[in-house]
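Q: Can we go through this one together? I'd like to start with a term before we get to the residues.

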Amino acid sequence: AQATIAIQGHLIREQMEDSRNKEREFMDVVSQMSSELELASLMPKILHHITTLLDAERSTLWINDIKTNELFTMAAERNYDREIRMPNHLGIAGQVFTTGEVMNIPHAYADLRFNPKIDKQTGFFTRSILCAPVTNKNGKIIGVSQVLNKRGGSFTDDDLKRLTAFTSQISISIENASLFDDIQSLMYYNENMLNSMTNGVVTINEEGIVEKCNPACLRLMKLESEEEIINKK
């Protein structure tokens with residue numbers, strides 16, 4: 001009887017220590033995510049940590065494209081990294097995005113809502129699915145996190161709690177990265193437009209310092225490079 005008490009006490013201490021270690025690891029991951037602004041770099045990190053955290057075979061993070069009403073994933077682990085898109089109401093991910101409800105499906109192909117086309121595209125065989133919405137600080141659903149094929153069995157309620165906690169912490173990082181991506185796309189567009197113009201364009205800040213000069217302007221002013229005019233009055 002005394003040995004039983006001692007063993008139980010030791011097991012409880014081990015479980016508490018394990019929980020503390022997982023909590024520290026969880027916070028370290030979240031802090032790493034918050035400093036990343038590029039979606040292309042952020043996505044693989046999120047997928048890797050979700051997969052490891054829940055001991056699964058693969059994870060997918062679907063982001064909603066408000067311009068096309070599509071869910072898209074920019075990266076998947078292992079052998080497949082081509083962008084995939086689908087209407088934001090299709091499949092398990094579309095169901096979760098539309099309803100905002102989490103879903104734990106132990107047998108994917110037995111569920112009529114499951115969309116097998118993605119498996120055909122990727123060559124991956126989905127057995128079990130854990131899926132949760134990703135919401136921003138205003139409560140708006142901006143995407144869906146999907147974890148596939150729990151190793152050694154089905155996903156548990158604890159797995160669902162971990163996934164929900166993780167996505168709630170990183171949702172701001174995802175939204176910031178999406179906004180940054182949009183801004184970068186706009187910058188590239190403006191840059192290409194300026195470079196293709198035949199009219200010379202000079203951008204000057206409030207202090208009268210030249211910040212930008214397009215190629216046509218350089219030709220008109222007979223300048224060899226931007227360095228001759230940038231950051232000058």
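This is a predicted model: local features need pLDDT of at least 70, side-chain atom pairs count only at pLDDT 80 or more; totals for chains, interfaces and linings use all residues.

Q: OK, so is Cys213 buried or exposed, and why?
A: Cys213 counts as buried because its relative accessibility is 1%, and the cut-off is under 20%.

Q: And what about Cys217, buried or exposed?
A: Cys217 is buried too, with a relative accessible area of 4%.

Q: How many disulfides are there in the whole structure?
A: A search of the whole structure gives 0 disulfides. For Cys213, the nearest cysteine sulfur belongs to Cys217 and is 3.1 Å away.

Q: Changing topic. What order do the strands of the sheet have?
A: The sheet is open, has 6 strands and runs S3-S2-S1-S6-S5-S4, with antiparallel pairing. S3 and S4 (103–105) are the edge strands, and each pairs on one side only. On average, neighbouring strands are turned by 20° against each other, direction ignored.

Q: Which helix packs on that sheet?
A: Helix H3, residues 91–99, packs on it and touches S1, S2, S3, S4, S5 and S6. The direction of H3 makes about 140° with that of S6.

Q: How many bridges join S5 to S6?
A: There are 7 bridges between S5 and S6, which run antiparallel. One of the residues in this pairing is Cys131, whose bridge partner in S6 is Gln146.

Q: And how many join S1 to S2?
A: S1 and S2 (residues 70–73) are joined by 3 bridges and are antiparallel. Phe72 in S2 is the bridge partner of Ile63. The hairpin of S1 and S2 has 4 residues between the strands, and Asn69 there takes a positive phi near 55°.

Q: What does S2 do with S3?
A: S2 pairs with S3 (residues 84–87) over 4 bridges, in the antiparallel sense. Glu70 stands opposite Pro87 in S3.

Q: Now the inside. Which residues touch the most other members of the largest nonpolar core?
A: That core has 20 residues, and the ones touching the most other members are Ile46, Ile50, Leu61, Leu130, Val147, Leu163 and Ile174. Helix H5 (157–196) is one of the elements that give two or more residues to this core, and H5 gives the most, with 5 residues.

Q: What does Leu163 touch?
A: Leaving out residues up to four places away in sequence, Leu163 touches Ile50, Leu54, Leu130, Ala132, Ser145 and Val147.

Q: Which residues are in the second core?
A: The second core is separate and has 19 residues, including Leu71, Ala93, Phe97 and Ile141.

Conventions:
Residues are numbered from 1 along each chain as its sequence is written. Side-chain values use heavy atoms; hydrogens and water are left out. A nonpolar core is a set of buried Ala, Val, Leu, Ile, Met, Phe, Trp, Tyr and Cys residues joined through side-chain atoms within 4.5 Å. Buried means under 20% relative accessible area, exposed over 50%, partly exposed in between (1.4 Å probe, protein chains only). Contact means heavy atoms within 4.5 Å. Two strands pair if DSSP finds at least two bridges between them. A disulfide is a pair of cysteine sulfur atoms within 2.5 Å. Axes are lines fitted to C-alpha atoms, for helices over the stretch in contact, and angles run from 0 to 180 degrees between N-to-C directions.
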